[in-house]
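Hi,

Here is the model I said I would pass on.

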Amino acid sequence: MEDIRAQQIEALEVFKDYNSRLVKSMNSIIPELEGDRKDDTDKFLDEIVKGINWEIGILNGTMDFINEKEERIKKEEINTSILKLSKALEGKKDSEIAASLKETLPVFENFGKVADEVLKDAK
């Protein structure tokens, strides 16, 4: 049990650092998708999607730890948000992807805050 806890804490520490960069990247790409497209917008978007998937993986592995004392993250909210983003990405319309990212952004900002709270509680 202690081994798993230590791994979850370590994962959340890495997650927290990565999350701030991911949120910044999400904020940066929205204007590009709203019409200020750059040569590397598609590549940048691919990297952001990979980052989102990575964070979801970390959250899945730490959800019981995160929600141990209280429900800080609701899996249904994550699923709804990611499903909308997935549909927008499938449609390949920049404006829909931008709108979906705007909706998803607060969810990821919250992830960072929750990771911070959980790590403070764990110490």
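In which hand does H3 cross H4 as it passes? The crossing is left-handed, a label used when the near helix is turned anticlockwise from the far one by less than a right angle, with right-handed for clockwise. Before the rest, some housekeeping: this is a predicted model, where local features need pLDDT of at least 70 and side-chain atom pairs count only at pLDDT 80 or more, while totals for chains, interfaces and linings use all residues. Residues are numbered from 1 along each chain as its sequence is written, and side-chain values use heavy atoms, with hydrogens and water left out.

Back to H3 and H4. They pack at an angle of about 155°, with axes 9 Å apart (axes are lines fitted to C-alpha atoms over the stretch in contact, and angles run from 0 to 180 degrees between N-to-C directions). The two helices are therefore roughly antiparallel, the word for angles over 145 degrees. Their contact (heavy atoms within 4.5 Å) includes Ile82, Leu85 and Leu89 of H3 and Leu101, Phe108 and Phe111 of H4. By class, that contact has ten nonpolar, three polar and three charged residues.

H4 also packs on H2. Here the angle is about 40°, with the axes 11 Å apart, so this pair is oblique. This crossing is left-handed too. Among the residues making the contact are Ile52, Glu55 and Ile56 of H2 and Leu101, Phe108 and Phe111 of H4. The contact of H2 with H4 divides into 13 nonpolar residues, no polar ones and one charged.

Then there is the largest nonpolar core, which has 32 residues (a set of buried Ala, Val, Leu, Ile, Met, Phe, Trp, Tyr and Cys residues joined through side-chain atoms within 4.5 Å; buried means under 20% relative accessible area with a 1.4 Å probe, protein chains only). Met26, Ile52, Ile73, Leu101, Phe108 and Phe111 have the most contacts inside it. Helices H1, H2, H3 and H4 each give two or more residues to this core, and the largest share, eleven residues, comes from H4.

Leaving aside neighbours within four places in sequence, Phe108 is in contact with Asn19, Leu22, Val23, Met26, Ile52, Glu55, Ile56 and Ile82.

Last one: Thr62 lies in H2 and is buried, with a relative accessible area of 2%. Beyond neighbours within four places in sequence, Thr62 is in contact with Gln8, Ala11 and Leu12.

Cheers

How values were computed
Helix = DSSP H or I, 4+ residues; strand = E, 2+ residues; numbered from the N terminus. Parallel < 35°, antiparallel > 145°, perpendicular 65-115°, else oblique. Nonpolar A, V, L, I, M, F, W, Y, C, P; charged D, E, K, R; others polar. Buried < 20%, exposed > 50% of the residue type's maximum accessible area, 1.4 Å probe, protein only.
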